[in-house]
Amino acid sequence: MFYELYTVALAAALAGNTYDILMTEEGLKAGVGVEGNDWLVGEKPSALALYLRDGLVNLPFIALPLVSHIVGNDPLAYGTLSGLAVIAIKHVMGGRAWAKLLKK
């Protein structure tokens with residue numbers, strides 16, 4: 001059961017991240033704004049820079065549930081799945097903010 005929930009949560013987080021990056025890239029090309037979270041990447045980053053930064057930031061949230069389950073701490077493993085859900089929501093909100101600027 002854990003692996004099914006982990007797969008769904010991970011897929012949602014990755015899909016949300018991809019949506020956010022695609023909308024960010026489109027917004028930057030249109031010149032309607034700059035990247036708000038410019039840590040490590042600057043105000044007008046490339047898609048690759050965004051993927052690498054988000055991978056670095058999201059890696060603990062991706063690894064912790066899996067590692068916790070493998071070592072046998074299932075309550076922690078299930079609890080930390082919520083981190084992936086928060087990542088998904090955060091990125092969808094970021095993508096929607098760009099869509100609003102692009103009037104989509």
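How many aromatic pairs does the structure hold? Three. The tour comes to them after a look at the whole chain. Keep in mind that this is a predicted model.

**Stop 1: the whole chain**

Show the protein chain as a cartoon. It has three helices and zero strands. Read from the N terminus, the order of elements is α-α-α. Along the principal axes, the C-alpha atoms fill a box of roughly 50 × 25 × 15 Å. Now colour by burial. Of the 104 residues, 34% count as buried. Then turn to contacts between residues at least 6 apart in sequence: 65% of these join residues at least 24 apart.

**Stop 2: α2 against α3**

Select residues 47-71 for helix α2 and residues 74-101 for helix α3. Two packed helices are described by the angle between their axes and the distance between the axes. Here the angle is about 155 degrees, and the axes are 7 Å apart. Angles over 145 degrees count as roughly antiparallel, and α2 and α3 are therefore roughly antiparallel to each other. Their crossing is left-handed.

Next, show the side of α2 that makes the contact: Asp54, Asn58, Phe61, Ile62, Leu64, Pro65, Ser68 and His69. Nine are nonpolar, six polar and two charged.

**Stop 3: the aromatic pairs**

Back to the three aromatic pairs. A pair of aromatic rings is described by the distance of the centres and the angle of the planes.

Select Phe2 and Tyr6. Their rings are stacked, at 5.8 Å centre to centre with 20 degrees between the planes. Both residues lie in helix α1, residues 2-30. They are four residues apart, about one turn of the helix.

Which helices does the pair bring together? Phe2 lies in α1 and Tyr78 in α3, so the pair ties together parts that are 76 residues apart in sequence. Check the surface at Tyr78: its relative accessible area is 35%, so Tyr78 is partly exposed.

**Stop 4: the cluster**

Phe2, Tyr3, Tyr6 and Tyr78 form one aromatic cluster.

Technical notes:
Residues numbered from 1 in each chain as written. Predicted model: local features only at pLDDT ≥ 70, side-chain atom pairs only at ≥ 80, totals over all residues. Heavy atoms only, no water. Axes fitted to C-alpha atoms, helices over the stretch in contact; angles between N-to-C directions. Helix = DSSP H or I, 4+ residues; strand = E, 2+ residues; numbered from the N terminus. Parallel < 35°, antiparallel > 145°, perpendicular 65-115°, else oblique. Left-handed = near helix turned anticlockwise from the far one by under 90°. Contact = heavy atoms within 4.5 Å. Nonpolar A, V, L, I, M, F, W, Y, C, P; charged D, E, K, R; others polar. Phe/Tyr/Trp six-rings, centres within 6.5 Å; stacked < 30°, edge-to-face > 60°. Buried < 20%, exposed > 50% of the residue type's maximum accessible area, 1.4 Å probe, protein only.
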